[in-house]
Amino acid sequence: MKPRPFSPLRYLSGYPQSTLDQVQRLIDDDRLGRYLQKRYPDRHEIKTDKALYDYVSELKQSYLRNAPPLSKVLYQNKLDVIQNALGLHTAISRVQGGKLKAKQEIRIASTFKDCAPEFLEMIVVHELAHFKESDHNRAFYQLCCHMLPDYHQIEFDLRLYLTYRSLADSPTRNDV
């Protein structure tokens, strides 16, 4: 089986060709990193699972008070950003005695321990929105935008960030 060629724009699939052309020009002119650094110069300080739990709990309390309580929030080393799993929301139901107990968990890819605070917030907002809406439908994205008004722009820029990182990590960058 032949290996799939490296695609620097794989995080941007689904965007219009005109947008992809603009991104490709930024890459070709070696300006993508400078664009991201200028737009997102800061790094967040949320490095531990406890700090992440507190951060997510605070956002949840602000926007989703009536949603089920959080059982666990942590950075996960095994989440594969390549497979587009930036974060993961799971609901685990267990029978305890005569009652059904649901546990809500959020796992964030450990890649995001050192990123712009806006990127971490976007991922957390996305996962919290799954508490109310399981599908990526209009109501889901409306909720995301309610919690983070610039949600769509930050999501796009996060995809640019992942593109930039994949280019920097690629052993065959000259082939791109």
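The model is a predicted one, so to speak of local features a pLDDT of at least 70 is needed, side-chain atom pairs count only at pLDDT 80 or more, and totals for chains, interfaces and linings use all residues. Residues are numbered from 1 along each chain as its sequence is written, and side-chain values use heavy atoms, with hydrogens and water left out.

## The overall layout

Let's start with the big picture. The chain has six helices and three strands. Here helices (H or I, at least four residues) and strands (E, at least two) are DSSP runs, numbered from the N terminus. Read from the N terminus on, the order of the elements is α-α-α-β-β-β-α-α-α.

How many of the 176 residues count as buried, as a percentage? The share is 39%. Buried means under 20% relative accessible area, exposed means over 50%, and partly exposed is in between (1.4 Å probe, protein chains only).

Contacts come next, meaning heavy atoms within 4.5 Å. Take the contacts in the chain with a separation of 6 or more: 66% of them are between residues 24 or more positions apart.

## How the helices pack

Two packed helices are described by the angle between their axes and the distance between the axes. The axes are lines fitted to C-alpha atoms, for helices over the stretch in contact, and the angles run from 0 to 180 degrees between N-to-C directions.

| Helix pair | Angle | Axis distance |
|---|---|---|
| α3 (residues 49–63) and α4 (residues 117–129) | about 60 degrees | 11 Å |
| α4 and α5 (residues 138–147) | roughly 135 degrees | within 9 Å |
| α2 and α6 (residues 151–169) | about 135 degrees | 10 Å |

What do we call such angles? Angles under 35 degrees count as roughly parallel, over 145 as roughly antiparallel, 65 to 115 as roughly perpendicular and the rest as oblique. With an angle of about 60 degrees, α3 is oblique to α4. At roughly 135 degrees, α4 is oblique to α5. At about 135 degrees, α2 is oblique to α6.

Handedness is another way to describe a crossing: it is left-handed if the near helix is turned anticlockwise from the far one by less than a right angle, and right-handed if clockwise. α3 and α4 cross in a right-handed way, and the crossing of α4 and α5 is right-handed too. The crossing of α2 and α6 is left-handed.

Now for the residues that touch. In the α3 and α4 pair, Leu52, Tyr55, Val56, Leu59 and Lys60 of α3 meet Pro117, Leu120, Glu121, Val124 and Leu128 of α4. This contact holds eight nonpolar, no polar and two charged residues. (Ala, Val, Leu, Ile, Met, Phe, Trp, Tyr, Cys and Pro count as nonpolar, Asp, Glu, Lys and Arg as charged, and the others, Gly among them, as polar.)

α4 also meets α5: Val125, His126, Leu128 and Ala129 in α4 touch Phe140, Leu143, Cys144 and Met147 in α5. The classes in this contact are seven nonpolar, one polar and no charged.

Between α2 and α6, the α2 residues Leu32, Gly33, Tyr35, Leu36 and Arg39 meet Gln153, Asp157, Leu160, Tyr161, Thr163 and Tyr164 in α6. That contact has six nonpolar, three polar and two charged residues.

## A few residues up close

Is Cys144 buried or exposed? Cys144, in helix α5, is buried, with a relative accessible area of 0%. Leaving out residues up to four places away in sequence, Cys144 touches Val125, His126, Ala129 and Tyr151. From C-alpha to C-alpha, Cys144 and His126 are 6.2 Å apart in space, though 18 residues apart in sequence.

Ser166 sits in helix α6 and counts as buried because its relative accessibility is 8%. A polar atom of the Ser166 side chain lies 2.8 Å from the backbone oxygen of Thr163.

Over in strand β3 (residues 99–109) there is Arg107. Its side chain makes a polar contact of 2.7 Å with the side chain of Gln76, and another polar contact, of 2.8 Å, joins the side chains of Arg107 and Glu105. (A polar contact is a pair of N or O atoms within 3.5 Å; within protein, one must be able to donate a hydrogen and the other to accept it, and residues adjacent in sequence count only if both atoms are side-chain atoms.)

Finally, look at the loop between α1 (17–28) and α2 (32–39), where Asp30 lies. Most residues other than glycine have a negative phi. Asp30 has a positive phi, near 55 degrees. Asp30 counts as exposed because its relative accessibility is 52%.
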